[in-house]
Amino acid sequence: MDAIPRLTVLISGSGSTLQNLIERTASGDLPASIVGVVASRAGIFGLARAERAGLRAAIVERKPQETFSERVFATIRETAPDLVILAGWLHLLTIPPDFENRVLNIHPSLLPAFGGAGMYGRRVHEAVLASGATVSGCTVHFADNTYDTGPIVLRREVPVWADDTPDTLSLRVQAAECEAYPAAIRRILSELRHSR
Ligand code: GRF
């Protein structure tokens with residue numbers, strides 16, 4: 001691993017998670033460097049954030065679907081990352097052997113609750129509120145080849161208040177994510193460093 005660990009960040013949307021990582025790496029709170037951004041479509045706000053931060057960014061078109069995952073990892077390999085960070089990335093990937101245990105995801109619930117296909121964004125918070133749960137949170141986990149099932153690195157809890165709406169709950173969970181993701185990445189990078 002380089003003296004400064006290398007992160008490649010995958011985005012599909014507004015890039016708020018990417019923005020947090022840009023700020024945490026710039027401040028030194030997360031001692032790593034973002035060496036590339038891969039987007040699953042053009043025109044998303046996350047790409048504007050990448051550009052503003054001067055990051056190298058690539059767009060990988062989803063079609064043809066059969067080769068999407070391979071093309072994503074070919075693009076990732078060009079940036080030679082130590083870790084791949086899914087940051088609001090919405091597509092299932094087939095993790096190739098050279099990236100096993102090196103792809104992290106963050107999900108806005110306490111997995112295994114409220115995960116799986118179709119459980120993303122606002123829908124997660126709607127489901128949490130409908131269930132009557134009094135605690136929610138976020139989970140950082142290794143990505144494997146199904147949605148939201150890989151080994152858990154860490155979870156952070158937040159309370160659910162009786163008068164919460166999906167929007168208010170989402171803001172509280174996002175604030176927890178901003179601490180949880182850098183903490184999980186620091187932990188995994190330190191384990192990688194000690195295993196090499
Ligand atoms: C967050 O809720 C995160 O848990 C999920 O995507 C959301 C952020 O999307 N994986 P973005 O970074 O604003 O695009």
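Predicted model: local features only at pLDDT ≥ 70, side-chain atom pairs only at ≥ 80, totals over all residues.
A polar contact here is a pair of N or O atoms within 3.5 Å.

Start with T17. An oxygen atom of the ligand comes to 2.8 Å from an N or O atom in the T17 side chain. Next, S14. Its side chain has an N or O atom 2.6 Å from a ligand oxygen. Then E177. Here the distance from a ligand oxygen to a side-chain N or O atom is 2.9 Å. How much of the ligand does the protein cover? On its own, the ligand has 370 Å² of accessible area, and the protein covers 83% of that.

G13, S14, G15, S16 and T17 are around the ligand, along with A87 and G88. I106, H107, P108 and E177 complete the list. By type, the shell has three nonpolar residues, seven polar and one charged.

Which elements supply at least two shell residues each? Helix 1, residues 16–27, does, and so does strand 5, residues 103–107. As for the site itself, the space the ligand takes is the largest pocket.

Why does the ligand lie between two domains? Because domain 1 (1–100) and domain 2 (106–140 + 153–196) both give residues to its shell.

On to the backbone. Most peptide bonds are trans, and most residues other than glycine have a negative phi. Three places deserve a look against that background.

First stop, K63 and P64. A cis peptide bond joins them, with omega at about 0 degrees. P64 sits in the loop between strand 3 (57–59) and helix 3 (68–77).

Second stop, L111 to P112. That peptide bond is cis too, and omega is near 10 degrees. P112 belongs to the loop between strand 5 and helix 4 (122–131).

Last stop, A80. Is its phi positive or negative? Positive, about 45 degrees, although A80 is not a glycine. Its place is the loop between helix 3 and strand 4 (83–86).

Definitions and conventions: Residues numbered from 1 in each chain as written. Heavy atoms only, no water. Near = heavy atom within 4 Å. Polar contact = N/O pair within 3.5 Å; in protein donor to acceptor, adjacent residues only side chain to side chain. Areas by Shrake-Rupley, 256 points an atom, 1.4 Å probe, with all protein chains shown as cover. 1 Å grid on protein atoms, 1.4 Å probe; cavity = no way out; pocket = protein on both sides within 12 Å on 5 of 7 lines; lining within 4 Å. Sits in = over half its atoms within 2 Å of the grid points. Helix = DSSP H or I, 4+ residues; strand = E, 2+ residues; numbered from the N terminus. Nonpolar A, V, L, I, M, F, W, Y, C, P; charged D, E, K, R; others polar. Domains from an automatic or database assignment.
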